[in-house]
Structure formats: C-alpha cells, structure tokens
Amino acid sequence: MEVSKSAPVLNLATPDNSLTYQSSDYIFWNAVESIDYDGDSFDMTVISDLQSEPILENVDPSITHISQLQAGTHEISIILTDSDGMQRVESLTLYVIPSSPTVIISSPAEGESFSGGTELILEEESFDAEFD
C-alpha cells in the first residue's frame, strides 16, 4: 500500500470568526493543534486582503502569535506549508470595528490637591488604534 503525501491540516482555535473585534484588540492566532500527518515540519503564513504585508509570515504554528488589525472586513487566508512544499490554504472573514480613543490626563497628577480658586491647567494625551 502506498500512502500519498499530504498538506498540513489547520486546526485554528483562535481567532473566532463569529466575533467582532475592535481595532485596539489583540488577535491571538492559535493553530497549535494543527498537524501534518506525514510528520513533516510546517510553517504558517496569515494574510489579509486589507493589508499589503502579511500579518504573520512563515511562523511556527506550534506557538500562539499575537497581532492587531485595522478596522474593516478582513478576508483572511491562512497558508500552512510543510517541508515537502505541500500547502493547505484556509480562509475566513474577520470583522474589525474602529476602537474608541484612549485619553490620559498627565497633569495635574492624580491625587494632587489645590486651594479653591487656583487656576488649573489640564494636560492630556490621547490616541487610538487608527491614529485619527
């Protein structure tokens, strides 16, 4: 009996494509349970149609990786490639909405006291994942 070579099999625990993510959320790419039944080593590349560069490129799927995604509807392709060059491509859609901005008051310091009638000058910093 001859057994044909096969591509790795993706078992993606996260991200969950039934959820909607915010652009400030960390996305965990957990393909730890993926397997190559031939016993070959393999790597993982993750790409989005909304980004010019891969989200992850030729990474080890036996560990969980973390990224953030810009707001939008991402058509994601996950490519597993083994040491024999066999590939499996799986696709999913991830929905990412814009996140709210974060504001930090830098002055006056927290807990600082002032006498009544003292003029206060507030200093703040703000940012969001979209940089707008």
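Leu56 touches Trp29, Met44, Thr45, Val46 and His65, leaving out residues up to four places away in sequence; touching here means contact, that is, heavy atoms within 4.5 Å. The model is predicted, with local features needing pLDDT of at least 70 and side-chain atom pairs counted only at pLDDT 80 or more, while totals for chains, interfaces and linings use all residues. Residue numbers start from 1 along each chain as its sequence is written, and side-chain values rest on heavy atoms, with hydrogens and water left out.

Leu56 sits in strand E4 (strands, E, are DSSP runs of at least two residues, numbered from the N terminus). With a relative accessible area of 9%, Leu56 is buried, buried being under 20% relative accessible area with a 1.4 Å probe and protein chains only. Ser113 lies 57 residues from Leu56 in sequence, and the two C-alpha atoms are 49 Å apart in space.

As for the sheet itself, 5 strands line up in the order E1-E7-E6-E3-E4, giving an open sheet with mixed pairing (two strands pair if DSSP finds at least two bridges between them). Strand E1 (20-22) and strand E4 (56-59) take the edges, each with a single partner strand, so one side of each has no neighbour in the sheet. From one strand to the next, the twist averages 30°, taken between axes that are lines fitted to C-alpha atoms, with angles running from 0 to 180 degrees between N-to-C directions.

E7 (residues 87-97) has E6 as an antiparallel partner, joined to it by 10 bridges. Along this pairing, Thr73 stands opposite Tyr95 in E7, and Ile79 faces Val89 in E7. The hairpin of E6 and E7 leaves 4 residues between the strands, and Gly85 there takes a positive phi near 85°. E7 also pairs with E1, this time in the parallel sense over 3 bridges, with Tyr21 opposite Val96 in E7.

Strand E6 (residues 72-82) also holds His74, which counts as buried because its relative accessibility is 0%. The His74 side chain makes a polar contact with the side chain of Ser48 at 2.6 Å (a polar contact is a pair of N or O atoms within 3.5 Å; within protein, one must be able to donate a hydrogen and the other to accept it, and residues adjacent in sequence count only if both atoms are side-chain atoms). The side chain of His74 also reaches the backbone oxygen of Gln70, at 2.7 Å. Setting aside neighbours within four places in sequence, the contacts of His74 include Ser48, Asp49, Leu69, Leu92 and Val96.

Conventions
Buried means under 20% relative accessible area, exposed over 50%, partly exposed in between (1.4 Å probe, protein chains only).
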